[in-house]
Protein chains: 2
Amino acid sequence: MAGKVFFSVSMSLDGFIAPESLEDLMGKQWMELQQWLFPQRFFRENLALGAGGEEGRDNDIVRETFERTGASVMGKRMFDAGEHAWPEDAPFHTPVFVVTHERRDPWERSGGTTFHFVDAGIEPALAQAREAAGDRDVRIAGGGATILEYLNAGLVDEFSIALSPVLFGSGIRLFEGVDAGRLALVPVCAEPSPRVTHLSYAVRQR
Amino acid sequence: MAGKVFFSVSMSLDGFIAPESLEDLMGKQWMELQQWLFPQRFFRENLALGAGGEEGRDNDIVRETFERTGASVMGKRMFDAGEHAWPEDAPFHTPVFVVTHERRDPWERSGGTTFHFVDAGIEPALAQAREAAGDRDVRIAGGGATILEYLNAGLVDEFSIALSPVLFGSGIRLFEGVDAGRLALVPVCAEPSPRVTHLSYAVRQR
């Protein structure tokens, strides 16, 4: 049984998932957007940030999202931002397929993460990720432009949003340029936690 | 005890509350955005659309929103759109204060709705609405620009969003131009219903 293709992001109430500039990534608003995630035990363990952390529904959701993922796909912009920021033991622990125009040999990290560079477009990258994932799911990891490309191409089966009680005012909007006339959403789950509202939707083509 | 100032809107998952043009108000997307509202018994009774309709949590929320409202404030654009569209027995059944540059005598409708035209700005309009509302709340009814003016002026205590599983792609964004650096949100409630997710937040000044 083939897995699903999904994405999972934290979004501000006004629809932003990241600041305009990568230099703002450590800024106050961005930290607020991800504030629910940082204290979670699974997140901390996975990034080797030390023992401890919160357990509860938020933590379960972080762990479930990790466990369902057999392979990830990401854009070049996200890879560039992470290449020197992720620890040696990168937090994916699965194959990761980077959509790029650059040719490069696979880059193997300790702990099971191998980055594969695919210069043939989004569909071949996804096909390779599906094969690597087996019966687990493929996560379109980001960034926003890559997620939207897959969504508009009709290649996303479902997605999850951790809707944060914060307003950005500017930045990168998750759905900027979405092909709204083509996509219909079916609500799957809406679950409040103390910090965010976890929303998930299945995507149908109209 | 003075009431609170709030707004309550239906918003698409990508942040829109209305189409760009008033002519599109009866369009397919707009209908989808409000789809959760139309079948509710209280909504139908209040607009004299005939007997029957759904009862349940969505209906309770529509009724509670109506019952807490002692007076409404609206912008001229919303008034203009509704002036000939609302029935003789307009659906507010309370005083309504219209923020406008036009001088006009109060316009009394049957069933308790009287429109008062305030040409002195948003604060005097709100002051009059507060007085008229007594210990009930004042609803900033709309449209989007008026809601944002009150929000950015620090005059909104709390708000509710019925988050609809629909993507607009274009239109009027609720939070376009929000003074994000000034406003902090405190989640009050997140409640899924079969059709939408009801979210409410208290507003604090940073």
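Me: Which residues are buried in H4(A)?
Reply: In this predicted model, the buried residues of H4(A) are Phe79(A), Gly82(A) and Glu83(A). They span an arc of only 105° around the axis, so they sit on the same side of H4(A).

Me: What do the buried residues of H4(A) pack against?
Reply: They pack against S3, S4, S5 and S6 of chain A. Helix H4 of chain A, residues 76-83, lies across S3, S4 (95-99), S5, S6 (114-118) and S7 of that chain, and runs at about 100° to S3(A).

Me: And in chain B, which residues of H4 are buried?
Reply: Phe79(B), Gly82(B) and Glu83(B) are buried in helix H4 of chain B, residues 76-83. Viewed down the axis of H4(B), the buried residues fall within an arc of 105°, so they line one face of the helix. Their cover includes S3, S4 (95-99), S5 (107-108) and S6 (114-118) of chain B.

Me: Turning to the sheet in chain A, what is the strand order?
Reply: Nine strands of chain A form an open sheet, in the order S5-S6-S4-S3-S7-S1-S8-S11-S10, with mixed pairing. Strand S5 (107-108) and strand S10 (183-192) of chain A are the edge strands, each pairing on one side only.

Me: Which helix packs on the sheet and touches S1, S8 and S10?
Reply: Helix H3 of chain A, residues 57-68, packs on the sheet. Its contacts are with strand S1 (5-12), strand S3 (69-75), strand S7 (137-142), S8, S10 and S11 of chain A, and its direction makes about 85° with that of S3(A).

Me: In what sense do S8 and S11 of chain A pair, parallel or antiparallel?
Reply: Strand S8 (residues 158-164) and strand S11 (residues 197-205) of chain A pair in the antiparallel sense, over six bridges. Within S11(A), Ala202(A) stands opposite Glu158(A).

Me: How many bridges are there between S10 and S11 in chain B?
Reply: Strand S10 (residues 183-192) and strand S11 (residues 197-205) of chain B pair over nine bridges, in the antiparallel sense. Leu185(B) has Val203(B) in S11(B) as its bridge partner. S10(B) is joined to S11(B) by a hairpin through four residues.

Me: A few single residues now. Is Ser72(B) buried or exposed?
Reply: Ser72(B) has a relative accessible area of 3%, and because the limit for buried is under 20%, Ser72(B) counts as buried. Ser72(B) belongs to strand S3 (residues 69-75) of chain B. Beyond the residues up to four places away in sequence, Ser72(B) touches Phe92(B), Thr94(B), Pro95(B), Val96(B), Phe97(B), Arg139(B) and Ala141(B).

Me: Where is Ile147(A), and what is it in contact with?
Reply: Ile147(A) is in helix H6 of chain A, residues 144-152. Ile147(A) is buried, with a relative accessible area of 1%. Leaving aside neighbours within four places in sequence, Ile147(A) is in contact with Phe7(A), Val9(A), Ile140(A), Ala141(A), Gly142(A) and Leu174(A). The C-alpha atoms of Ile147(A) and Pro192(A), 45 residues apart along the chain, are separated by 24 Å.

Me: And Thr197(A), what is it in contact with?
Reply: Thr197(A) is in strand S11 of chain A and is buried, with a relative accessible area of 5%. Apart from neighbours within four places in sequence, its contacts include Ile161(A), Ala162(A), Leu163(A), Glu191(A) and Pro192(A), and also Ala190(B), Thr197(B) and Leu199(B).

Me: That brings in the other chain. How many residues does each side give to the contact?
Reply: Chain B gives 28 residues and chain A gives 28 residues. The area buried between the two chains is about 2300 Å², of which carbon and sulfur atoms give 66%. In chain B, Leu13(B), Pro165(B) and Leu167(B) lose the most area to chain A, together 26% of what that side buries.

Me: Why do you say the copies meet through the same surface?
Reply: Because 100% of the interface residues of chain B are also interface residues in chain A.

Terms used:
Residues numbered from 1 in each chain as written. Chains lettered and ligands numbered in written order. Predicted model: local features only at pLDDT ≥ 70, side-chain atom pairs only at ≥ 80, totals over all residues. Heavy atoms only, no water. Helix = DSSP H or I, 4+ residues; strand = E, 2+ residues; numbered from the N terminus. Buried < 20%, exposed > 50% of the residue type's maximum accessible area, 1.4 Å probe, protein only. Contact = heavy atoms within 4.5 Å. Pairing = 2+ DSSP bridges. Axes fitted to C-alpha atoms, helices over the stretch in contact; angles between N-to-C directions. Arc of directions from axis to C-beta. Buried area = accessible area lost by both parts, 1.4 Å probe.
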